[in-house]
Structures are given as C-alpha cells and as structure tokens.
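Trainee: Could we go through this model together, one question at a time?
Mentor: Gladly; let us look at the structure before turning to the details.

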Amino acid sequence: MSAVLRVFADLDTGVDDAMALAYLLASPEAELVGVASTAGNVGAQRVCANNLALLELCGRPDIPVSLGSLVPLSIPLRTAEDTHGPAGLGYAALPAAHAGPTDYDAATAWVRAARAHPGELIGLATGPLTNLALALRAEPGLPGLLRRLVIMGGAFDYRGNTTPVSEWNIAVDPEAAAEVFAAWGAAVAGGHAGELPIVCGLNITERMALRPPYLAELAAAAGAPGIPSANPLIRVLSDALRFYFEFHDSVGEGYLAHVHDPFAAAVALDPGLVNTREATVDVELDGSLTRGMTVADWAGHWGRPPNARIAVDGPVQVFFDRFRDRVGPFAAGLAHS
Ligand code: BDR
Ligand code: CA
C-alpha cells in the first residue's frame, strides 16, 4: 500500500468545510484525488463554485471537483445561509475559479475514485450523504473498495443542532444517511465491508470550539500576523469564521464557532486521534418528533452487527495545534508562490 493517503472529500462548503479542505491540502501525507460538491449549507452549484474557488486560491486548480445532486433523495432541499452566509463562506469573497466542474457527477466521482484506488482510498463526508448514497446504489461494493470512511454527521446520546435530536447533515437528507448506514450494514453481514465508517457526531465535534484569539495564532503561523491577516487564505478563513462566530453567538452558544468538519478531516488522516465505540447505527425516518435522529444500538438490541465506529473522545488541543501547524505554513507558502 502506498505511503500517501489518497483522500476523496465530499463537502457542502460551508465555512467549516472550507477549513477541512484547507487542512487536507496542507497535510503533506495526504493526496486529495477529488472533491464532491453536495447540496446542504448552500445549493450544490454554489458549493461547487466555492470548492473550485478555494482550490484555486490554494494553488490546486488541478484537483477535480464534481457537482452533486441538486436535491436530497426524496425531500426538498433546505439550506443554511443563516449559519454560513449568503454564498456559504460567511463574509469571505472569493473570485470565481477559472476551472469548471468535471463532466461526470459527484456520485460517479466517488465510484471512479474508489475503483481507481481499490483498498486505498479514504472517503471523507462532511455534508449530507446524498451523493454517497447515490454512489452506493451505483457501486454496492464501495464499502469493500474504500480503505476508510469518515463521516461528520449525527449526534450520539447528545442533542441535535437542527431539531432537538437531529444533526444538520443527517437532517438535510435522512433517507440518504439511512441508505449509507444500511449499505455498510449489508456489507458487514456479507463479509465484504473493510473497516467500519468512523462517525464524528456533534457529541464530539461541538467540543471543537474555535474562538477569535485562535485566528491570530493562525495568522502568526502563516507569517502574516494580525486580523485581518495579509495572507489571502487566512483572510478568507477568518472572514468566513467571523460570520460563523456571529451565528453561534446569535443562538446562544457564545462568540465562537464549532468547527466540525476540519476535525473530521483530521480523523480521516489520523483515526488514532479519536477513541471510538462500535455500534449499529440507523436513522429515524418516521418519527414526527424524531425524524433525522441517528440512533445507536450500543447494546445489540436489534441483533444486527455494528456498522459504524462512533467517535466518543478526542483531544481538542491536539486538533487545534495540528490545524494551526499545518494550515499556517501552508498558507505562508501560498503567499510566496
Ligand atoms: C455540520 O452541518 C454543517 O452546517 C457544517 O458544515 C457541518 O458539516 C454540523 O452539523
Ligand atoms: Ca459541512
């Protein structure tokens, strides 16, 4: 197996998705082979434009970006401009990219990437699971083709952020999430699953609370201290995060931002970062109060084998230090290139 970690990222970019993308690009052991643009925080076309613009800003316009389904599997799309800003990147304004999306869609991109690197590819999903579900319909062998899958989604023994019990990525497309967990369950039962997906839910990602002084640390690590930073990537991330701070403040969380997605990206590259517990996970699709809830059967009541490893613990400071120590110098390199 190659020492390089080949990663395929499925994002609904999104402020914290942008951080995840920057982290992957800044990580020397990772090679990002493709990006899927999933409708969620904003519409899929906008997500796609954001992904393309960020990759260009980061000097990687060569990485293929694919457009995903415009709508969830069976319900209308809801978006979160209140949380992520009118175009998904808060107050950041990026010039449109020169490159366009691939001529194949995001589900096809998942399948092509997995088939091109059988047993090697690390999948990271930080948005709704619409395109991953479509990819699994097209290639039911996907669980066995991937080396690892890390999902930011759900809330385990923990409150939701979209309904009292449902987390955003699951709430946008509960049917897709249910299909993904069921597909891994079927692969486990059939003995061709590979590793169980690692699921980073709100129970762990809400511990990743980023506060304004951290942006100053990041700017200093990029060699362009002060906020606003003169470094273009740090400027974009901090302009995006300022909106995210305001949103969290407006809902009573304080002037901070829960940075779910870069934490999941860090776990994708280094699963040792989290302690996990195996469980069988399913998604409630019917409950009038509980639709979109991720239910973990910790004790085996359902008699179905575990289909996920749920992240239950992880070192907050290690994550933030690692993000700064990677993205800072990476951003500095961009300014000098
Ligand atoms: C998730 O929802 C989105 O708004 C964020 O980007 C993150 O992926 C957190 O619930
Ligand atoms: Ca996201």
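Predicted model: local features only at pLDDT ≥ 70, side-chain atom pairs only at ≥ 80, totals over all residues.

Trainee: Is D17 buried or exposed?
Mentor: Residues with under 20% relative accessible area count as buried. The relative accessibility of D17 is 0%, so the residue falls in the class called buried.

Trainee: How many residues apart are D17 and T126?
Mentor: D17 belongs to helix α1 (residues 15-26), whereas T126 sits in the loop between β4 (122-125) and α5 (130-138). The pair links distant parts of the chain, and the separation is 109 residues.

Trainee: How are α10 and α11 oriented, parallel or antiparallel?
Mentor: Helix α10 (residues 212-221) packs with helix α11 (residues 232-250) at an angle of about 175°, and their axes are 11 Å apart. Because angles over 145 degrees count as roughly antiparallel, the orientation of α10 to α11 is roughly antiparallel.

Trainee: What residues make that contact, and how do they divide by type?
Mentor: From α10 come P212, L215, L218 and A219, and from α11 come I234, S238, L241 and F245. By type, the contact residues are seven nonpolar, one polar and no charged.

Trainee: Where are the cis peptide bonds from T13 to G14 and from I227 to P228 placed?
Mentor: Most peptide bonds are trans. The bond from T13 to G14 is cis with omega near -10°, and the bond from I227 to P228 is cis with omega near 5°. G14 is in the loop between β1 (5-11) and α1, and P228 is in the loop between α10 and α11.

Trainee: What is the phi of D157, and is the residue buried or exposed?
Mentor: D157 lies in the loop between β5 (148-152) and α7 (168-172), and with 68% relative accessibility it counts as exposed. Its phi is positive, although D157 is a residue other than glycine, and the value is near 50°.

Trainee: Which domain does UniProt place at residues 7-320?
Mentor: Over residues 7-320 the chain is 39% helix and 16% strand, with the end C-alpha atoms 21 Å apart. The unreviewed UniProt entry names the domain there as "Inosine/uridine-preferring nucleoside hydrolase".

Definitions and conventions: Residues numbered from 1 in each chain as written. Chains lettered and ligands numbered in written order. Heavy atoms only, no water. UniProt positions renumbered as here; feature names shortened; annotations may be inferred. Helix = DSSP H or I, 4+ residues; strand = E, 2+ residues; numbered from the N terminus. Axes fitted to C-alpha atoms, helices over the stretch in contact; angles between N-to-C directions. Parallel < 35°, antiparallel > 145°, perpendicular 65-115°, else oblique. Contact = heavy atoms within 4.5 Å. Nonpolar A, V, L, I, M, F, W, Y, C, P; charged D, E, K, R; others polar. Buried < 20%, exposed > 50% of the residue type's maximum accessible area, 1.4 Å probe, protein only.
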